[in-house]
Amino acid sequence: MAPPAPRAAGARAGARGVKPPLTLDTEVTYLKGGGPAVAAKLAALGIARVRDLLFHLPARYEDRRRIVALNELKPGMESLVRGRVAGADVRFAGRRSLRVVIDDGGSSLLLRFFHFNDAQRQGFADGRWVRAFGTVRAGANGLEMVHPEYRVADDPELLPPEPRLTPVYPLVAGVAQPRLRAMIQQALEAAARDPDFNHELPGLGGPDTLTSLRVLHEPGGTDLGDLLLQRHPAQLRLLREELLAHQLCMRLLRRQTLARPGVRIEHVQPASARLQEELPFALTGAQRRVIGEIAHDMAAGRPMLRLLQGDVGCGKTVVAAIAMLGCAEAGLQGVLMAPTELLAEQHAHNLAVLLGAVGVETGILTGRLRKADRADALARAASGEILCWVGTHALFQSDVHFARLGLVVVDEQHRFGVAQRLALRDKGPRGITPHQLIMSATPIPRTLAQTLYADLDVSVIDELPPGRTPVHTAALSNERRAEVLARIGEACRAGRQAYWVCTLIEESEALQAQTAEETYRQLREELPELRVGLVHGRLKPAEKDAQMRAFANGSTHLLVATTVIEVGVDVPNASIMIIDNAERLGLSQLHQLRGRVGRGAAASQCLLLYQPPLSDGARARLEVMRTTHDGFRIAQHDLELRGPGELLGRRQTGLIGLKIADPVRDAAHIPALQKLADHWLASAPQDAKRLIARWVGEAERYAQV
Ligand code: ADP
Ligand code: MG
């Protein structure tokens with residue numbers, strides 16, 4: 001077992017000067033340059049412990065190994081320069097700026113700063129030396145660097161070039177490169193002291209783990225070419241190690257789960273027959289087939305571990321409802337877990353109607369319940385009075401107990417991680433492991449599924465309900481916005497409803513919200529006869545609810561939204577989807593968004609508004625959307641259009657905890673690594689544990705077989 005990380009007691013000892021030795025499991029707050037404020041910021045990068053820093057790899061490298069003479073500089077060069085201060089002054093023309101001229105005897109260069117303090121300004125005293133690194137630009141009066149990274153000293157000897165390439169790390173606001181570099185150095189030292197980390201592992205090839213990490217964090221000049229092409233032996237070694245660790249975890253997890261006793265539930269087929277009498281439609285053949293697979297699993301006496309895949313709109317919810325009803329009829333509880341409050345509420349509403357018709361009550365547990373309601377819900381979950389539950393992450397909290405949990409359904413799996421699935425699995429009564437049904441609308445090719453869902457059996461719904469007409473999709477330059485507005489106005493007057501989705505590349509919720517609010521104001525002016533609604537992640541929960549409800553019951557015509565509506569939202573009367581700046585989104589996301597319309601019988605349209613000129617890649621994506629409706633084919637195009645090294649989506653890879661490997665780019669390694677994983681588990685379980693500990697750091701969790 002890994003030693004427990006020092007917590008508050010360690011901090012007090014540190015304050016007295018007796019620092020606990022750093023280990024890979026120490027929290028980053030205890031590092032030199034750490035502290036609670038820095039630690040809180042690093043958490044946004046997924047960095048909590050020293051171990052995480054090791055695997056926080058550079059996004060690129062800068063070459064600061066040579067000082068470039070000022071007279072060799074050309075616009076566009078990213079260079080290290082050195083010279084004496086030949087004058088510094090503050091200008092107020094336009095924006096206040098600090099202008100420093102440096103001179104190296106051959107030529108001079110202007111350094112410009114817009115953000116600076118007095119101490120910085122005074123540091124540039126005439127005659128002192130400056131070393132600066134930045135991009136050279138052609139300014140109004142010759143070459144210049146704006147906001148270079150710099151250091152000042154009285155003696156040029158104190159400002160030498162760097163011996164190695166300089167790593168540039170993905171950053172978070174408030175933690176600058178130099179601090180991060182210094183912390184990563186400490187992490188490398190801690191790794192060097194850790195015997196388990198240095199234990200050689202057979203069969204992996206290439207340089208060992210620590211050597212490989214050192215190459216990536218502090219490469220020599222000869223490494224650069226291979227690193228950039230992602231084919232350096234150090235990179236290959238690390239990604240193979242990581243994928244192997246992942247395969248081992250998933251195998252252990254599966255083995256461990258299947259070894260537990262499961263509850264035998266034989267009520268799923270009868271529940272299906274019963275619910276079908278209440279449904280306004282007949283189940284598709286594909287739905288009936290997967291219900292059969294689920295019924296079989298749940299009656300088998302061991303826990304079900306099943307992934308249910310199916311394109312948006314194929315009708316996964318009703319399949320889940322049938323499994324939940326089967327569970328309830330066996331007298332056991334089932335929970336359906338959704339990634340957002342919005343979706344949880346919608347599911348709760350639908351299940352209440354559907355299962356209510358056959359006399360089964362549905363409860364809801366989300367983070368936004370009032371205190372008294374929450375207490376009431378907890379009591380009814382713990383007593384077993386309510387058998388069917390819907391919720392969000394709030395279901396994981398430690399005060400949530402279920403009397404007889406028999407089934408866990410996770411909707412839109414890509415927003416949940418393995419750790420969360422484990423937490424739910426352990427919520428069952430002692431000695432019983434609930435059945436697990438994981439539903440995903442992200443169609444992924446088989447090689448990829450082997451990485452993402454290595455521990456699950458797979459069912460696929462490969463058929464849409466009949467009567468759906470494909471969503472007519474067009475790409476329009478936003479110069480034709482007036483035409484689009486006219487179309488929306490006309491359709492809404494005819495009783496239809498539309499979504500207007502605002503997109504941003506930045507993941508910042510604040511910016512997304514701001515963009516949506518501006519669009520909302522503008523559309524209200526442009527379409528004064530329509531009732532316009534607005535949802536985004538920054539709205540208060542009650543407000544979000546009210547907006548969604550108003551749209552769902554038809555009292556607003558047009559809903560302006562951020563991509564929060566990407567998952568799950570189901571308003572069948574909405575038949576127009578406008579995606580603003582569609583060129584910014586990837587294919588999968590566009591497909592998910594488009595899936596919000598075309599759910600009713602009315603012919604639907606999706607208008608992809610773009611800002612010209614289009615890049616080749618964006619043009620190709622919009623063309624795929626225009627001509628293809630099948631999610632699996634779109635996913636395949638998606639993989640082809642993305643360059644190697646571009647991630648499938650940070651969300652997905654982040655959740656399965658991959659730090660280095662890219663499940664798409666590196667899929668070719670998987671078959672061999674699966675064999676190696678089986679071999680290790682059979683003949684070298686200690687090595688398996690070591691590797692998991694090295695990469696995941698909680699080997700105990702996977703190894704308590
Ligand atoms: P998803 O698989 O994307 O979660 P949903 O479960 O939200 O899809 O279903 C999409 C819509 O299709 C819902 O309005 C649902 O009631 C409807 N639906 C589901 N199954 C059928 C069916 N067999 N025939 C007709 N409509 C169906
Ligand atoms: Mg759904």
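A nonpolar core is a set of buried Ala, Val, Leu, Ile, Met, Phe, Trp, Tyr and Cys residues joined through side-chain atoms within 4.5 Å. Keep that in mind as you tour this predicted model.

Now select Leu-53, Leu-54, Leu-244, Leu-248 and Trp-680. These have the most contacts inside the largest nonpolar core, which counts 52 residues. Colour helices H2 (36-43), H3 (50-54), H5 (177-193), H7 (209-217), H9 (233-258), H24 (670-683) and H25 (685-695) next; at least two core residues come from each. H9 gives the largest share, eight residues.

Then move to Val-263, Ala-328, Ala-344 and Val-409, which belong to a second, separate core of 45 residues.

Next, show the open sheet of seven strands, paired in parallel and ordered E11-E12-E10-E13-E14-E9-E15. Look at its edges: E11 (362-365) and E15 (457-461) have a single partner strand each, so one side of each lacks a neighbour in the sheet. On average, neighbouring strands are turned by 20 degrees against each other, direction ignored.

Which strand pairs with E9 over five bridges? Select residues 305-310 for E9 and you will find E15 as that parallel partner; Gln-309 has Val-460 of E15 as its bridge partner.

Finish with helix H11 (residues 285-298), which lies across E9, E13 (405-410), E14 (435-440) and E15, at about 155 degrees to E15.

Methods: Residues numbered from 1 in each chain as written. Chains lettered and ligands numbered in written order. Predicted model: local features only at pLDDT ≥ 70, side-chain atom pairs only at ≥ 80, totals over all residues. Heavy atoms only, no water. Buried < 20%, exposed > 50% of the residue type's maximum accessible area, 1.4 Å probe, protein only. Helix = DSSP H or I, 4+ residues; strand = E, 2+ residues; numbered from the N terminus. Pairing = 2+ DSSP bridges. Axes fitted to C-alpha atoms, helices over the stretch in contact; angles between N-to-C directions. Contact = heavy atoms within 4.5 Å.
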